[in-house]
Amino acid sequence: MTLTVDAARIHELLDVLVAAAAGDYDVRLNLRENDDALLEVETGVNFLLDELIERRLHNESQEEELLTRARQLARQRDELVQALSTPVITVWPGVLTLPLVGRIDDERAAALTIGLLARVGAERASHVILDLTGVGALAGGTMPAILRMVRAIGLLGATCLLTGIRPDVAQQLIALGGADVHVRALARLSDALALVLADKGLLQDT
C-alpha cells in the first residue's frame, strides 16, 4: 500500500518537532480534514505538546513552591541565629547576664548591644553581667566593641560586671583603656552573681 501525503504537511510536521526540541511547546500542527495515517501522527504530536506544557507548568509550580519554602527556611534560620546571638538571661529580678560566645565583630556587637540595652531599659536592670568565658578568637574590634557595650550599659544607670576574662583578654582590656571604664572583673559567673546579691542585701557573708 502506497501512502501519498502532501509534502507541505511533512515540512510542517518537521518544523513543529524541531521547535519542540528547542523547548518551544506552544507550536501546533494544523489538523486538516484528512482521513489518513499522517493525521493520526499530527494529532499525537499536538497531544504530546499539550502534555509537555502541562508538565512544564507543574514543574514550574513545584519550583516556585520549593523557592518559597527555601525563603521561609532562610527567614527562620536568620531569626533563630539572631535569637541565639543575643541570649540575654534574667538570672534575678533586675540582674541580667549575657554569655558572649564565639567571634564578635562590629556587626554582631552592634546587634548584641541593641538587644541588651532594650532589655536593660525594659526590665530596669540594676546589674548586667557580661560573661566572656565562651569568647573564642578575638577579632581586632572585639574588645573595643565590648568596652562600648559596657559604657552604654553605664549610661542607662546599670552596673556592669565582666566574668571569664582570660589573661590575654585582660591585657587587651588594659591596653585599650579598660581600667578607666567603670566595670568590675571576676573569675566566674557565679562570683559575679554572689557579689550582686550581696550588694542587694540578699546574700550574707558566712
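1. Helices (H or I, at least four residues) and strands (E, at least two) are DSSP runs, numbered from the N terminus. By that definition R55 and E51 both belong to helix α2 (residues 37-85), where they sit 4 residues apart, about one turn of the helix. Their side chains meet in a salt bridge of 2.8 Å, N to O; a salt bridge is a side-chain nitrogen of Lys or Arg within 4 Å of a carboxyl oxygen of Asp or Glu.

2. This is a predicted model, in which local features need pLDDT of at least 70 and side-chain atom pairs count only at pLDDT 80 or more, while totals for chains, interfaces and linings use all residues. Residues are numbered from 1 along each chain as its sequence is written, and side-chain values use heavy atoms, with hydrogens and water left out.

3. The chain has 6 helices and 5 strands. Read from the N terminus, the elements run α-α-β-β-α-β-α-β-α-β-α.

4. Of the 206 residues in the chain, 31% are buried. Buried means under 20% relative accessible area, exposed over 50%, and partly exposed in between (1.4 Å probe, protein chains only). The accessible surface of the chain is about 13,000 Å², and carbon and sulfur atoms account for 58% of it; these areas come from the Shrake-Rupley method with a 1.4 Å probe, and for residues only the protein chains shown count as cover.

5. Contact means heavy atoms within 4.5 Å. Among contacts in the chain between residues at least 6 apart in sequence, 65% join residues at least 24 apart.

6. The structure holds 3 salt bridges. Side chains of opposite charge can pair when their charged atoms come close. E123 and R119 lie 4 residues apart in helix α3 (residues 106-123), so about one helical turn separates them. An α-helix has 3.6 residues a turn, so residues three or four places apart point the same way.

7. The salt bridge between the side chains of D191 and R188 is 3.3 Å, N to O. D191 is partly exposed, with a relative accessible area of 24%. In helix α6 (residues 189-199), A192, L195, V196 and L197 are buried. G201 follows α6 and has a positive phi, near 75°.

8. T163 lies in strand β4 (residues 159-163). With a relative accessibility of 0%, T163 counts as buried. A polar contact of 2.7 Å joins its side chain to that of D131. Such a contact is a pair of N or O atoms within 3.5 Å; within protein, one must be able to donate a hydrogen and the other to accept it, and residues adjacent in sequence count only if both atoms are side-chain atoms. Leaving aside neighbours within four places in sequence, the residues in contact with T163 include I129, D131, T133, L186, R188 and A192.

9. I89, V91, W92 and L202 form a nonpolar patch on the surface, with about 330 Å² of accessible area together. Patches are made of residues with over 30% relative accessible area and no salt bridge: like charges are joined within 9 Å, nonpolar side chains (Val, Leu, Ile, Met, Phe, Trp, Tyr) within 5 Å. I89 is found in strand β1 (residues 89-92) and is partly exposed, at 41% relative accessible area.
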